[in-house]
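Visitor: Could you take me through one part of this structure slowly? I'd like a close look at a salt bridge and the residues around it.

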Amino acid sequence: MTVFKKSFLTLGLIALGFASVLVISSLVFMNSLYYQLNTDGLKNTARVLLSAIGEERIAGIFAEKESAADLPDMGDYRLTLVAVSGNVIWDSHITDRIVNHIDREEIIAALEGKQAGGRRDSVSTGIKRIYYALPVFGNSGEVIGVFRLSLSIPDFSARISPIIPPFVIFSSLMTLLAFFSIYAYSRSFASSIGRIVSITRTGTSLLPGENLHVTPEFLSLEKALRAMISELNSRIENAKAESRRLEAILNGMSEAVFAMDTEFNLEIVNPKARELFNLENREIKTMTLLEATRSTELVNTARIAANMGAPFETELTFHTGGERQFQIYASVLEGENGGVVLVLLDITKIIKLERIRKDFVANVSHELRTPIQLVKGFSETLLDAVNDGDKKSIIHFIEIIQKNAANMENLTNDLLALADLENNSSSGRELEEFDVAFIINEAVSSVESQAEKKQIEIIIDCPDNLKAKFYGSFMVQALINLIDNGIKYSSPKSKIRINAFVDNSELTIEVRDKGIGISAEHQKRIFERFYRVDRSRSKEEGGTGLGLAIVRHIALLHKGKAEAESRAGEGSVFRIRIPCGS
């Protein structure tokens, strides 16, 4: 029900009830006043009449010393003389069929020496009358009878019947006026409340002139509400902006973030955390941390931070999409509700890089130690050979020193090339379009002498019109490394085939040899730094263990990849795949 209907009905019912009570009360009061005035008039008349007749004469009548026949005519008044026994000894209007009056209330009071009145329908006449009784005293002061005067009066309703029609008309008009006033007030009140509700709901400004019928109190309330709503809107906008900023920060973080209450029910989970634990299409508001992550270690970390009431840090390993290690930061949320925030930083690559760095230092140290020791040892031996004049030994020692110096030079060059690639030395350079055949021929010409020594034939299969964009020197280096490996590990008089073609929008360059091949257990690691399938043979051939790592980095530099396919004893195929748009 609307405010207008409620206020109109409520006020209408109150007004109607008040009017009804007022009318009834007025009628009751007027009725009482009507009979009271008549009774008071009758009382005064009875006293005057008793004095006029004479109380001694009335006492004489009761003592039967006087006759009641000479009493004056009472007109409309009825005079009754009642003995102590209740019997009527004289009545001005009735001469027979008069009942005993000992039970009349005014008679009882008068016999007790009191003056009293009454109102009822007369048993003797059957007409509504008012009575007033006065006690009559004897010479010794005792009550010897009752002097009662009565008067027939119209009923109150009959008395006011002439004024009822104009009263009804006037009351109807006043009722209509009252209801119209209530209607107008209810409409105005409902309109004012409606304005306030509209303001509180929407906060919008109302049109000019709508304040004309609004009371000053409502205008003051409206101004206060507008000010409050303006402040609330401002705070809401600030909160929304802050929420958007927080959401943008959380969404942009590379770390996984969980925010939860004190019972570890999730409240906020950023996209990285959803991705990490496969929660993209799940409703996290109904989940606990354990249900979302299935990790008791993570829950224990959050519990430790909550119990400590201070930040806590640890490292955990998860097996989501492979083994991954995380640095976990747990901190307690400040505020009335409290809670815990977990930040998971993926340190898998950092740990891997640290392991690679340690392995790299160890491998470099190991690779350099042997040639340095050899150079040092044979240099000392060379001094002794010079003193002895042993020319043949001197030449042998110099050749060993030269070979190890060349190994150290190759290792240093490969390390510099690898560092150059890892530092993205393509920055500042631009891809250039080359004939693929030209790049292959450049690489072949650099290793042709080694191939001739082993009588190895290099066969090139590349379309003349095949072009691609390369960092030219890097691609030549990659092909040199692949062809050089093919020559080193192939038997004499064998063949090496170099094929270039486009396959699925990728330029593919293959180097096939018929060498010793690579067993399956080694194929996953052959592109790692310093990894050798046969260390003794690799060192004998002058390999540094970095050639294939360089090939892999050059392929990545061109947004491509390096692949190997081999079987032990049957040869190997190395491929470089590069997107044609690179």
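Guide: A salt bridge here means a side-chain nitrogen of Lys or Arg within 4 Å of a carboxyl oxygen of Asp or Glu. Keep in mind that this is a predicted model, with an average pLDDT of 77 for the protein. Now look for Arg577 and Asp503: their side chains meet in a salt bridge, at 3.9 Å from N to O. That value falls within the 4 Å cut-off, so the pair counts. Next, see where the two partners sit. Arg577 belongs to strand β17 (residues 571-579), while Asp503 belongs to strand β14 (residues 495-503). They are 74 residues apart, so this pair links distant parts of the chain.

How about burial? Buried means under 20% relative accessible area, so Arg577, at 15%, counts as buried. Asp503 has a relative accessible area of 31% and is partly exposed.

Asp503 and Arg577 are linked with Glu506, Lys561 and Glu563 in a network of salt bridges. Across the whole structure there are 17 salt bridges.

For another one, go to Glu106 and Arg120, whose side chains meet at 2.7 Å, N to O. Glu106 is buried, with a relative accessible area of 0%.

Technical notes
Residues are numbered from 1 along each chain as its sequence is written. This is a predicted model: local features need pLDDT of at least 70, side-chain atom pairs count only at pLDDT 80 or more; totals for chains, interfaces and linings use all residues. Side-chain values use heavy atoms; hydrogens and water are left out. pLDDT is the predictor's confidence in each residue, from 0 to 100. Buried means under 20% relative accessible area, exposed over 50%, partly exposed in between (1.4 Å probe, protein chains only). Helices (H or I, at least four residues) and strands (E, at least two) are DSSP runs, numbered from the N terminus.
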